[in-house]
Amino acid sequence: MAKRALLVGCNYPGTQCELHGCANDVRRMRRTLVERFGFDESDILMMLDTDPSTLQPTGANIRSALRKLINSVEPGDVLVFHYSGHGTQVPPESGAPGEMDTEEAIVPTDMNLLTDDDFRDLVNQIPPGVTFTFLSDSCHSGGMIDNEKEQIGAPSYYQSQGETAYGSPRVVSKSIPVGLLTQILSQRTGQNVQVGNIRTTIFDMFGEQASPSVKMFVNLALTQLQQGKGQGGWLGTISSLASQFLQTKLDDQGPEDAANYMAPAQHAQFPRPKTRVASDASILVSGCQMDETSADANPTHDPTSSYGAFSNAVQTVLGQNSSPMTNRDLVLAVRHVLGQQGFKQHPCLYCSDDNVDAPFIC
């Protein structure tokens with residue numbers, strides 16, 4: 001049985017969305033995986049944007065590392081992905097044809113988002129018998145693996161004890177609101193990015209290294225252009241590189257080749273059908289519900305003691321319980337710890353019925 005892990009911490013140093021505890025969260029999880037769960041240090045990859053000696057947590061690097069993580073796995077293998085950083089929600093493109101959902105996403109250090117659809121695509125490549133545990137200490141992380149079954153979600157019985165003041169110097173939200181996201185993208189591109197052209201701007205910035213769901217959306221734009229529907233409207237929001245790229249595809253390739261670009265996108269259909277493999281072994285332990293934010297805490301104003309509230313609660317619970325815990329027991333215990341500490345976020349569990357009471361990680 002192989003055990004491998006990818007640990008990603010994004011503090012966004014020097015930016016208007018800077019956090020302080022994410023690198024600490026990842027280092028603590030690394031120690032826990034080695035000392036408690038028997039992982040070999042050589043089988044754990046860490047990405048920290050505060051440490052230039054590590055591979056930097058860009059969108060392309062995280063996607064590549066996740067693909068490598070799930071390659072060559074065999075039944076019985078255990079995979080862990082721990083992310084600590086900002087989360088966001090990407091609204092539908094303004095005026096886009098068809099039905100589009102708001103997408104939950106994690107925010108790599110370069111803003112090249114990874115969405116819930118992207119994680120579902122990755123999980124669908126994992127063969128039966130392999131356990132993949134995703135701990136997402138980020139805002140809006142509930143449902144981060146698209147269409148995964150919610151086992152512990154919105155609590156009807158749970159009341160937070162006390163109230164934590166997000167925005168205070170000691171506790172900040174790990175969310176990038178859509179307004180701040182468009183502001184950051186505008187600053188980095190020199191363009192006027194609005195809510196209605198976030199995906200096309202990300203494609204403009206990253207091209208082939210953009211999220212598969214972003215590329216699928218641009219493929220839809222290509223199809224619409226081929227059909228002569230590219231005058232004004234939502235297609236008018238596509239910025240320079242994306243427009244040039246699409247037009248080059250139309251000029252240099254035949255219609256059939258151009259239409260097949262970025263397969264297996266469903267051409268003019270958006271979004272793709274939401275499916276789940278029959279023997280899904282993915283387990284999402286989210287730091288909060290889909291409509292909530294997660295906290296980054298700095299109780300002593302010392303960056304070395306900062307932490308993500310969810311990641312810290314996981315470590316607290318594991319430290320209090322030397323015996324193996326089930327996924328259900330861990331999430332309920334973490335909720336209790338966060339409530340005692342005054343944090344108003346509710347971790348959730350998304351997995352198959354078989355994995356609710358399966359051992360956490362081991």
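**Close-up views of a predicted model**

**View A. Strand S11 (residues 295-297) pairs with S12 in the antiparallel sense over two bridges.** Two strands count as paired if DSSP finds at least two bridges between them. Helices (H or I, at least four residues) and strands (E, at least two) are DSSP runs, numbered from the N terminus. Asp296 stands opposite Gly308 in S12. The open sheet here has three strands, in the order S9-S11-S12, with antiparallel pairing. Strand S9 (171-173) and strand S12 (307-308) are its edge strands, and each pairs on one side only.

The model is predicted: local features need pLDDT of at least 70, side-chain atom pairs count only at pLDDT 80 or more, and totals for chains, interfaces and linings use all residues. Residues are numbered from 1 along each chain as its sequence is written, and side-chain values use heavy atoms, with hydrogens and water left out.

**View B. An open sheet of three strands runs in the order S4-S5-S6.** Its pairing is antiparallel. Strand S4 (87-90) and strand S6 (114-115) stand at the edges. Each has a single partner strand, so one side of each is left without a neighbour in the sheet. Four bridges join S4 to strand S5 (residues 103-106). Thr88 has Ala105 in S5 as its bridge partner, and Gln89 has Glu104. Two bridges join S5 to S6, again antiparallel. Across that pairing, Ile106 stands opposite Leu114 in S6.

**View C. Which residues of S5 point each way from the strand?** Glu103 and Ala105 point one way, and Glu104 and Ile106 the other. All are buried. Buried means under 20% relative accessible area, exposed over 50%, and partly exposed in between (1.4 Å probe, protein chains only).

**View D. The largest nonpolar core has 48 residues.** Such a core is a set of buried Ala, Val, Leu, Ile, Met, Phe, Trp, Tyr and Cys residues joined through side-chain atoms within 4.5 Å. Leu66, Phe81, Tyr83, Met111, Phe119, Phe132 and Phe134 touch the most other members. Helix H2 (residues 59-70) gives the largest share of this core, five residues. Apart from it lies another core, of 39 residues, among them Ala297, Tyr307, Val331 and Leu338. In soluble globular proteins, nonpolar side chains tend to be buried together.

**View E. Which residues are in contact with Tyr83, leaving aside its neighbours within four places in sequence?** Contact means heavy atoms within 4.5 Å. The partners of Tyr83 are Val8, Cys10, Tyr12, Ile106, Val107, Phe134, Leu135, Ser136, Asp137 and Ser138.

**View F. The largest pocket holds about 190 Å³ of space.** The search uses a 1 Å grid over the protein atoms alone. A pocket is an open set of points with protein on both sides within 12 Å along at least five of seven lines. A cavity is a set of points where a 1.4 Å probe fits but cannot get out. Lining residues have an atom within 4 Å of a point. Grid points are joined across faces, edges and corners, and a volume is the space filled by probe spheres set on the points.

The pocket is lined by 13 residues. Ala5, Leu45, Ala65, Lys68 and Leu69 lie nearest its centre. Strand S1 (3-9), strand S2 (44-48) and H2 each give two or more residues to the lining. H2 gives the most, with five. By class, the lining has seven nonpolar, three polar and three charged residues. Ala, Val, Leu, Ile, Met, Phe, Trp, Tyr, Cys and Pro count as nonpolar, Asp, Glu, Lys and Arg as charged, and the others, Gly among them, as polar.

**View G. The largest cavity holds about 40 Å³ of space.** The whole structure has two cavities of 30 Å³ or more. Val90, Glu103, Leu113, Thr115, Ile198, Arg199, Ile202, Ser213 and Val214 line the largest cavity. Helix H5 (198-206) and helix H6 (212-226) are the elements that give two or more residues to this lining. H5 provides the largest share, three residues. By class, the cavity lining has five nonpolar, two polar and two charged residues.

**View H. Gln194 lies in the loop between helix H4 (178-189) and H5.** Is Gln194 buried, partly exposed or exposed? At 42% relative accessibility, Gln194 counts as partly exposed. Its C-alpha atom is separated by 9.4 Å from that of Leu181, 13 residues apart along the chain.

View I. Buried residues make up 56% of its 362 residues. Of the contacts with a separation of 6 or more, 75% are between residues 24 or more positions apart.
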